[in-house]
Amino acid sequence: MNANESYWRKPNPHCGDNMVRGIFQDYPATRMFDNMYFIGNDMEACYLFDTEDGLFMIDCMDQGFFGYIEESIKSLGFDPAELKYILVTHGHGDHYGDSNLFRDKYGTIIMINKIDEEFAMDPTRKRPPHRPALDYYMDEYFEDGDVFTMGDTRVQIYHTPGHTPGCCSFIFNVSDCGREYKLAMWGGTGAPRSLEERKQQLASCERFAEIAAKEGVAGEVSNHPFVDNTIERLNVLRNIVDGTPHPFITGYEGYRSVELMYRDMYVNSIKNFGNEPEPPFLKQLEK
């Protein structure tokens, strides 16, 4: 028996069909923290923040989900007209989604890294047929080291290129019954197409790891819920009993485990460059 055969955890790597448990299965909008809410499905997510100065959201799911997000915000007891900002992690259509429709209807301000606005508008970039090039401009732009503040919620923004040229990752504060924590969101999950971009993504991952350690990050969330068992952990939250630890507050060591998962993905993507088959489900994702 080799060492791996003695482990109770069986291999379930972040590749192919092992990454998902049924694509695009809706999940009820759910409160996660005093100031933060989940909206999405098992494939794509956005996160709503409630502040004394109104609402803001990180990411906007895919194109075609405007009505879904709008109704989800209402189901949480909020007025979508109070959505002041949408912060977009990167320029793929399954993250900026229908943010322009929120702007048109409610005056919401859309923010992204300027590099990825240009990337999303590039008509020569290969993309799925149902995701045309971005045909509108965002309103404001953030850069590496910027801090977005709304009420008492602060989002620290870091440029982490690789997945896309302007991809950004965030660290932000949340509270659980008044107890304050910092969470991280890694901006771009999958490995990009070119070898140089994959090397850049690995370097960004290692840089963000150093930042997260310095900032005392105690947990993470993903804009792709299949990556880190988001749905399973939300099920715990929706049925949580007294004394059960918050499933998204794992301490730095728990956060580091997810961080190392990303790093391993990117190291392997470099090692296997040019030899790995494309999993069938990736045809449904932004390339």
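The model is predicted. Helix α7 runs over residues 251-271, and its buried residues pack against β11, α5 and β12. The structure holds 17 aromatic pairs. One of them joins Trp 186 and Tyr 262.

**Helix α7**
- The helix has 21 residues, so at 1.5 Å a residue it should span 30 Å. Its end C-alpha atoms lie 31 Å apart, which agrees.
- Its buried residues are Tyr 255, Val 258, Glu 259, Met 261, Tyr 262, Met 265, Tyr 266, Val 267 and Ser 269.
- An α-helix has 3.6 residues a turn, so residues three or four places apart point the same way.
- The packing partners of these buried residues are β11 (179-185), α5 (195-215) and β12 (220-221).

**Aromatic contacts**
- The rings of Trp 186 and Tyr 262 form a tilted pair, 6.2 Å centre to centre, with 45° between the planes.
- This pair links distant parts of the chain. Trp 186 is in the loop between β11 and α5, Tyr 262 is in helix α7, and they are 76 residues apart.
- Trp 186 and Tyr 262 are both buried.
- One aromatic cluster is formed by Phe 49, Phe 56, Tyr 85, Phe 148 and Phe 172.
- Arg 125 places its charged end over the ring of Phe 119, 4.1 Å from the ring centre.

**Second largest pocket**
- The second largest pocket has a volume of about 200 Å³.
- Its lining has 14 residues; nearest its centre lie Asp 176, Cys 177, Leu 237, Ile 240 and His 246.
- The elements giving two or more residues to this lining are β1 (26-33) and α6 (230-238).
- β1 gives the most, with 3 residues.

How values were computed: Residues are numbered from 1 along each chain as its sequence is written. This is a predicted model: local features need pLDDT of at least 70, side-chain atom pairs count only at pLDDT 80 or more; totals for chains, interfaces and linings use all residues. Side-chain values use heavy atoms; hydrogens and water are left out. Helices (H or I, at least four residues) and strands (E, at least two) are DSSP runs, numbered from the N terminus. The expected span of a helix is 1.5 Å times one less than its number of residues. Buried means under 20% relative accessible area, exposed over 50%, partly exposed in between (1.4 Å probe, protein chains only). Contact means heavy atoms within 4.5 Å. Rings of Phe, Tyr and Trp (its six-membered ring) pair if their centres lie within 6.5 Å; planes under 30 degrees apart count as stacked, over 60 as edge-to-face and the rest as tilted. A charge sits over a ring if NZ of Lys or CZ of Arg is within 6 Å of the ring centre and within 35 degrees of the ring normal. On a 1 Å grid over the protein atoms alone, a cavity is a set of points where a 1.4 Å probe fits but cannot get out, and a pocket is an open set with protein on both sides within 12 Å along at least five of seven lines; lining residues have an atom within 4 Å of a point. Grid points are joined across faces, edges and corners, and a volume is the space filled by probe spheres set on the points.
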